Amino acid sequence: MLKKMVILGVIGTVAVVAFGGTKAVSYLKSEFRSFSKTVEESIPPEKEIERLKSEVSHLDADYRKLINHLAKERVEVVNLTAKIDEMTAKQNKDLAAYDARYAALEKAEKGNTQQVSYGDRTVPLNDARRDLDGLLVRLENNKKSISAHESLLNNRIKVRDTLEKQLEALKNQKSELVNSIDAMEAELAALKLQQMESKYQTDDTRLARIKEDMQKLKTKVAVEREKLNLMPAAYEDNASATKTSESLKSRREALSGGKKSD
């Protein structure tokens with residue numbers, strides 16, 4: 001069967017190269033589809049069940065890939081959350097420092113002094129303004145960075161949630177498929193048992209052939225017995241015919257005084 005499919009495949013390839021989009025190619029494609037359908041229909045149910053079991057077992061590889069992807073996304077969500085928390089904490093600290101320096105700068109400006117005190121530090125007024133402006137730029141950039149990380153985190157969370165749903169769906173569907181295949185296998189086993197117990201066999205098992213041969217043998221024996229029963233009746237008919245001939249002869253001889261005239 002495999003050899004025949006290979007031959008058909010080679011013929012189809014040669015035809016495509018030789019004839020392009022002609023009717024011959026269309027005919028060969030139709031014949032190949034018909035042959036493939038015939039091969040598929042000839043596959044025993046047991047083989048199809050084994051194939052389905054193999055296909056379901058391959059879902060384990062998909063399951064592992066999904067778990068691996070989900071694990072990475074979960075870790076990424078945790079890391080991004082920690083990173084954002086760290087950035088936010090630093091931003092809040094820098095905001096507090098800015099507010100404190102701004103208050104000091106404002107106090108110096110109102111007092112008409114050229115020095116600004118930051119705790120135990122004292123800097124010129126213009127330097128304090130430049131430092132404060134630089135700190136403000138850094139705060140603005142940090143805010144944008146935090147916003148970008150939060151957007152990325154939201155996307156990661158969406159991916160994580162989607163993968164979790166896919167994992168759960170795959171788990172449930174695999175379980176349903178396994179149960180369905182097991183049920184079909186049990187149904188097929190019950191059918192096989194019914195076929196073995198049935199008077200009229202519909203399967204192609206050795207037991208079916210043996211039962212069929214036994215039925216044929218019983219028929220032959222019954223025919224021989226019937227022939228034996230018919231034999232006495234046949235002999236009785238021959239005996240009756242012989243007796244009838246002798247009776248006719250005796251009656252004829254009686255008409256001639258005991259002997260038949262020549």
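Reader: Why does Arg130 count as exposed?

Author: Exposed means over 50% relative accessible area, buried means under 20%, and partly exposed lies in between, with a 1.4 Å probe and protein chains only. Arg130 has 54% relative accessibility, so Arg130 counts as exposed. A word on the source: this is a predicted model, in which local features need pLDDT of at least 70 and side-chain atom pairs count only at pLDDT 80 or more, while totals for chains, interfaces and linings use all residues. Residues are numbered from 1 along each chain as its sequence is written, and side-chain values use heavy atoms, with hydrogens and water left out.

Reader: What makes Asp127 and Arg130 a salt bridge?

Author: The term requires a side-chain nitrogen of Lys or Arg within 4 Å of a carboxyl oxygen of Asp or Glu. For Asp127 and Arg130 the N to O distance is 2.0 Å, so the pair meets the rule. Both residues lie in helix α4, 3 residues apart, about one turn of the helix. Asp127 has 27% relative accessibility and therefore counts as partly exposed. By this rule the count comes to 11 salt bridges.

Reader: Which salt bridge links distant parts of the chain?

Author: Lys174 forms one with Asp60, and their closest N and O atoms are 2.1 Å apart. Lys174 is in helix α4 and Asp60 in helix α3, 114 residues apart. Lys174 has a relative accessible area of 24%, so Lys174 is partly exposed. Asp60, at 26%, is partly exposed too.

Reader: How do you know what counts as a helix or a strand?

Author: Helices (H or I, at least four residues) and strands (E, at least two) are DSSP runs, numbered from the N terminus. The protein chain has 5 helices and 2 strands, in the order α-α-α-β-β-α-α.

Reader: Why is Glu73 called buried?

Author: Glu73 has a relative accessible area of 7%, so Glu73 is buried. Its place is in helix α3 (residues 45-110). Leaving aside residues up to four places away in sequence, Glu73 touches Arg156, Val159, Arg160 and Leu163, where contact means heavy atoms within 4.5 Å.

Reader: What makes a group of residues a nonpolar core?

Author: The term covers buried Ala, Val, Leu, Ile, Met, Phe, Trp, Tyr and Cys residues joined through side-chain atoms within 4.5 Å. The largest such core has 12 residues, including Tyr98, Val116 and Leu135. Helix α3, strand β1 and helix α4 (125-197) each supply at least two of its residues, and the largest share, 5 residues, comes from α4. A second, separate core of 10 residues includes Leu59 and Ile181.

Reader: Where is Asn112, and why is Asn112 called exposed?

Author: Asn112 lies in the loop between α3 and β1. At 70% relative accessibility, Asn112 therefore counts as exposed. Its phi is positive, about 55 degrees, although Asn112 is not a glycine. Most residues other than glycine have a negative phi.
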